[in-house]
Amino acid sequence: MIYPSIAELTKESGINRYTLVIAAAKSARVITDEYVRQREYAEKLALNKEADKNKNLATLIKKEYRDDKAVKLAVAGLYSGEFRILSEEEAKEASGAEATDGAAEAAADESAVEADAPVEE
């Protein structure tokens, strides 16, 4: 069972379960993409022999991305505030701001998820 429960996540925020599931899936995708990016960087270092020979490839990846499941991290991130569920209006504003910056637009079905920038190690 993943902590916090669905009841705890939906009780205070007033969001429905469908929105919570979509937000958790989008957050898990962000976490998985970050894990893949860190793994590719670690593999590149290993191929170029820039990494310390005593270090394993896995030690170059953040521990929580490496050891925990993406959905568990996503639910914990939604609960702690690392990820935020945006209303339709906020999602449209955010995608409009991203479009003017030249960034790719985020597709927002019913809600969007906003994440803090990942930390480089």
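1. Let me start with a charged pair: the side chains of R39 and E43 form a salt bridge, with N and O 3.1 Å apart. Keep in mind that this is a predicted model. Both residues sit in helix α2, 4 residues apart, or about one turn of the helix. An α-helix has 3.6 residues a turn, so residues three or four places apart point the same way. R39 is partly exposed because its relative accessibility is 33%, and E43, at 32%, also counts as partly exposed.

2. There are 5 salt bridges by the rule used here. Among them is K62 with E64, at 3.3 Å from N to O. Have a look at K62 in particular: with 14% relative accessibility it counts as buried, because the cut-off for buried is under 20%.

3. R66 has a relative accessible area of 31%, so it is partly exposed. D67 is partly exposed too, at 43%.

4. Now for the helix packing. How do α2 and α4 cross? The axes of α2 (residues 17-47) and α4 (residues 70-80) come within 8 Å, at an angle of roughly 115 degrees, and the crossing is right-handed. On the α2 side, the contact uses L20, A23, A24, S27, A28, I31 and T32; α4 brings A70, V71, L73, A74 and L78. Sorted by class, that contact has 10 nonpolar residues, 2 polar ones and no charged ones.

5. Which residues touch the most other members of the largest nonpolar core? I31, Y65 and L78 do, in a core of 14 residues. Helices α2 and α4 each supply at least two residues of this core, and α2 gives the most, with 6. As background, nonpolar side chains tend to be buried together in soluble globular proteins.

6. Y65 deserves a click in the viewer. Setting aside neighbours within four places in sequence, Y65 contacts I31, E34, Y35, Q38 and L73. One of those partners, I31, also belongs to the α2 side of the contact with α4, and L73 belongs to the α4 side.

7. Last, α4 itself. Buried residues in α4 are L73, A74, V75, G77 and L78. What covers them? The cover includes α1 (6-13), α2, α3 (63-67) and β1 (83-86). After α4 comes G81, with a positive phi near 100 degrees.

Key. Residues are numbered from 1 along each chain as its sequence is written. This is a predicted model: local features need pLDDT of at least 70, side-chain atom pairs count only at pLDDT 80 or more; totals for chains, interfaces and linings use all residues. Side-chain values use heavy atoms; hydrogens and water are left out. Axes are lines fitted to C-alpha atoms, for helices over the stretch in contact, and angles run from 0 to 180 degrees between N-to-C directions. A crossing is left-handed if the near helix is turned anticlockwise from the far one by less than a right angle, and right-handed if clockwise. Contact means heavy atoms within 4.5 Å. Ala, Val, Leu, Ile, Met, Phe, Trp, Tyr, Cys and Pro count as nonpolar, Asp, Glu, Lys and Arg as charged, and the others, Gly among them, as polar. A nonpolar core is a set of buried Ala, Val, Leu, Ile, Met, Phe, Trp, Tyr and Cys residues joined through side-chain atoms within 4.5 Å. Buried means under 20% relative accessible area, exposed over 50%, partly exposed in between (1.4 Å probe, protein chains only). A salt bridge is a side-chain nitrogen of Lys or Arg within 4 Å of a carboxyl oxygen of Asp or Glu.
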